[in-house]
Amino acid sequence: MPSHLALLSCLLVLVLSLDKFLLHYLKRRWHSGGSIIPRIPTSPFNFKSHPRPMSAAGKWSEAAMLVIDMQKDFVDPAMASPMLVAGGEAVIPTVAEAVAVARERGILVVWVVREHDPSGRDVELFRRHLYSGGKGPTVKGLKGAELADGLVIKEGDYKLVKTRFSAFFATHLDSVLKTLGIKNLVIVGVQTPNCIRQTVFDAVELDYEKVTVLIDATAAARPDIHLSNIRDMKTIGVETPTLEEWRR
């Protein structure tokens with residue numbers, strides 16, 4: 001019994017000693033201005049100088065921009081193509097600027113292009129006479145099928161090949177967009193009464209929540225044709241701002 005009491009006495013003395021030591025340590029830390037809680041190093045990343053894209057806030061994460069048929073045979077007069085859209089060349093800078101804004105916002109950029117077989121067998125019947133000897137508008141691998149100068153497909157963009165007016169006809173575009181959670185479309189390119197119009201009407205019928213056509217980043221053979229088709233699209237709920245209005 002006495003041995004047990006001696007052991008308990010020793011343990012009590014040890015606990016009291018440790019308690020005094022801890023108290024003394026904490027007082028010294030407090031008076032020296034030190035923090036009792038260890039500090040976590042702060043990240044050197046500056047969010048003000050590296051702002052998150054608007055898509056991170058959710059505003060643009062459900063949007064995609066369709067850039068339609070901005071290829072040399074359609075918009076470059078130097079190609080002397082029978083498919084040249086007279087107003088196409090003038091909108092190249094606006095289309096390029098619209099694409100830049102889309103990328104800044106984190107919007108998916110989809111390059112919708114025509115690339116036909118040299119024989120023309122995959123072209124609409126009324127155009128097959130334009131294909132002979134392995135040559136014709138936007139034949140895959142030829143210069144006319146290339147994007148207009150100044151337009152470049154970058155990493156993260158998506159390229160879609162179509163063989164008819166609508167970007168949705170006989171393509172997997174709707175599947176790709178729906179898989180990515182895309183609900184809103186912004187459309188630029190050529191030309192308004194054909195590929196733009198057909199794509200827009202299909203997008204509305206496929207229940208995309210918001211379809212926008214940038215009126216100064218789209219074009220037709222003549223301004224009156226362009227504007228009359230813009231009016232038609234507005235009647236089915238399509239928004240038609242200028243690039244400057246859209247970028248605000």
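Before you click, note that the model is predicted, so local features need pLDDT of at least 70 and side-chain atom pairs count only at pLDDT 80 or more, while totals for chains, interfaces and linings use all residues. Numbering runs from 1 along each chain as its sequence is written, and side-chain values use heavy atoms, with hydrogens and water left out.

**Stop 1: the pocket.** Select K59, W60, A63, N184, L185, V186, K210, T212, E239, P241, E245 and W246, which line the largest pocket. A pocket here is an open set of points on a 1 Å grid over the protein atoms alone, where a 1.4 Å probe fits, with protein on both sides within 12 Å along at least five of seven lines; lining residues have an atom within 4 Å of a point. The space in the largest pocket is about 180 Å³, taken as what is filled by probe spheres set on points joined across faces, edges and corners. Colour by class and you get 6 nonpolar, 2 polar and 4 charged residues in this lining. (Nonpolar is Ala, Val, Leu, Ile, Met, Phe, Trp, Tyr, Cys and Pro; charged is Asp, Glu, Lys and Arg; the others, Gly among them, are polar.) Now show β4 (184–190), β5 (210–219) and α7 (243–247): each supplies at least two lining residues, and β4 gives the most, with 3. Helices (H or I, at least four residues) and strands (E, at least two) are DSSP runs, numbered from the N terminus.

**Stop 2: the cores.** Next, pick M65, V67, M70, V95, V188, L214 and W246, the residues with the most contacts inside the largest nonpolar core, which has 31 residues. Such a core joins buried Ala, Val, Leu, Ile, Met, Phe, Trp, Tyr and Cys residues through side-chain atoms within 4.5 Å. α3 (92–104) brings the largest share, 6 residues. Another core lies apart from it, with 25 residues, including L177, I182, V211 and V213.

Stop 3: Which residue lies in the loop between β2 and β3 (158–162)? Zoom to H116; it counts as buried because its relative accessibility is 2% (buried is under 20% relative accessible area with a 1.4 Å probe, protein chains only; exposed is over 50%, partly exposed in between). H116 also lines the largest cavity, together with F74, M83, R114, R127, Y131, P137 and T138. In a cavity, the probe fits but cannot get out; the volume of this one is about 30 Å³.
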